[in-house]
Amino acid sequence: MTDAPPPPSTQQPQYPVYAPPATKPANNVLGIVALVVSALGFVFACIPGALIIGWLLLPIGFILGIVAVCLKGKAKWQGITAIVLSVVGTVVAAIVFMVVVATSVSSAIDDASGGDITVSESPSASTKGDDAAGDSEVGTRENPIALGTAFSNDDWTVVINSVTPNAAEQINAANGYPQEADPGTEFLLINYTVTYTGDDADGQYPAMVQIEYVTGGGVTVNALDKFVVAPDAINSTSVLYTGATVTGNTAIQVPSPVDGVLVVTPGMFGDEVFVAVQ
């Protein structure tokens, strides 16, 4: 017998599958524009004087970057880079803005404070004669300025001329009607002179110079705690122009005995200066 021929194959012949050649994504013109806009916005965001330009360009670059990424058949990397640059640039712009604002506020406060306090040469220290006070800066609570000493900043010159404790009799004699201090307290009569040395064309009010009393225990007392009419009260509501001076009294009810110091603030944001009461 002869061998039977093998049955015909039922498998289909295999033909190579045709694959079109890969094409390179087309240039993304919008992505390039977004990248340039974001880059410029980032640069301007780092410059305080041109910060507003950065704030305008960065969101535009961000939006263009998103649109560029969504385009089909276009390169994506320019749009993605634009988005990243715009986000980072916005963070940088926010930091630069905060720094600019903080610097401006600090400068404004410095201008409003009137600058550093200057104390005249004579007399120069407290009458207490404490050795520890002698090691402290003059004008502090530990080493207050002596009565009659002029001290000044860029806007004001102040002199506490005299301080009279237990001054109810003197106050009442001048006013013609009785004012009684509360139990455990007494009236402190303060005579002082203020001179406006600033350059505000509209002038300033003497009321900008505030005077308070700090007890030996560190408690602050001011004229608002109890209204006391002082004789020859200082005119604190008339505008003073550069070089103008006014002198007068103010009165504060303070705890007895008088063992504290005055604290003077020459100007709304001026540095506090402590002055001895005797």
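This is a predicted model: local features need pLDDT of at least 70, side-chain atom pairs count only at pLDDT 80 or more; totals for chains, interfaces and linings use all residues.
Residues are numbered from 1 along each chain as its sequence is written, and side-chain values use heavy atoms, leaving out hydrogens and water.

Now the overall layout. The protein has five helices and nine strands. Here helices (H or I, at least four residues) and strands (E, at least two) are DSSP runs, numbered from the N terminus. Starting at that end, the order is α-α-α-β-α-β-β-α-β-β-β-β-β-β.

Back to our pair, and to the sheet. Strands of a sheet pair through backbone hydrogen bonds, either parallel or antiparallel. For counting, two strands pair if DSSP finds at least two bridges between them. In this model, five strands form an open, antiparallel sheet, ordered β1-β2-β3-β4-β7. Its edge strands, β1 (118-119) and β7, each pair on one side only. β3 and β4 share eight bridges in the antiparallel sense. β4 and β7 are also antiparallel, joined by eleven bridges, and Glu186 stands opposite Val254 in β7.

How many residues of β7 are buried? Eight of its eleven, so β7 is mostly covered, where buried means under 20% relative accessible area, exposed over 50%, and partly exposed in between (1.4 Å probe, protein chains only). Across the protein, buried residues make up 34% of the 278 residues.

Something also lies across the sheet strands. Helix α5 (residues 168-175) lies across β3, β4 and β7, at about 70° to β4. That angle is taken between N-to-C directions, on a scale from 0 to 180 degrees, using axes that are lines fitted to C-alpha atoms, for helices over the stretch in contact.

Next, the inside. In soluble globular proteins, nonpolar side chains tend to be buried together. We call a set of buried Ala, Val, Leu, Ile, Met, Phe, Trp, Tyr and Cys residues a nonpolar core if they are joined through side-chain atoms within 4.5 Å. The largest one here has 25 residues, and Val158, Ile160, Ile190, Val194, Leu262 and Val264 have the most contacts inside it. At least two residues each come from β3 (156-164), β4 (185-196), β5 (209-214), β7 (245-255), β8 (261-266) and β9 (273-275). β4 gives the largest share, five residues. A second, separate core has seven residues, including Ile171, Leu189, Ala230 and Ala251.

Which residues does Ile160 touch? Leaving aside residues up to four places away in sequence, among its partners are Leu147, Tyr192, Ile211 and Val275; contact means heavy atoms within 4.5 Å.

Finally, a few backbone details in the loops. Ser256 and Pro257 are joined by a cis peptide bond, with omega about -5°, and Pro257 sits in the loop between β7 and β8. Asn166, in the loop between β3 and α5, has a positive phi of about 50° although it is not a glycine. Is Asn166 buried or exposed? Asn166 counts as exposed because its relative accessibility is 60%. Asp232 also has a positive phi of about 50° without being a glycine. Asp232 lies in the loop between β6 (220-221) and β7, and is exposed at 65% relative accessible area.
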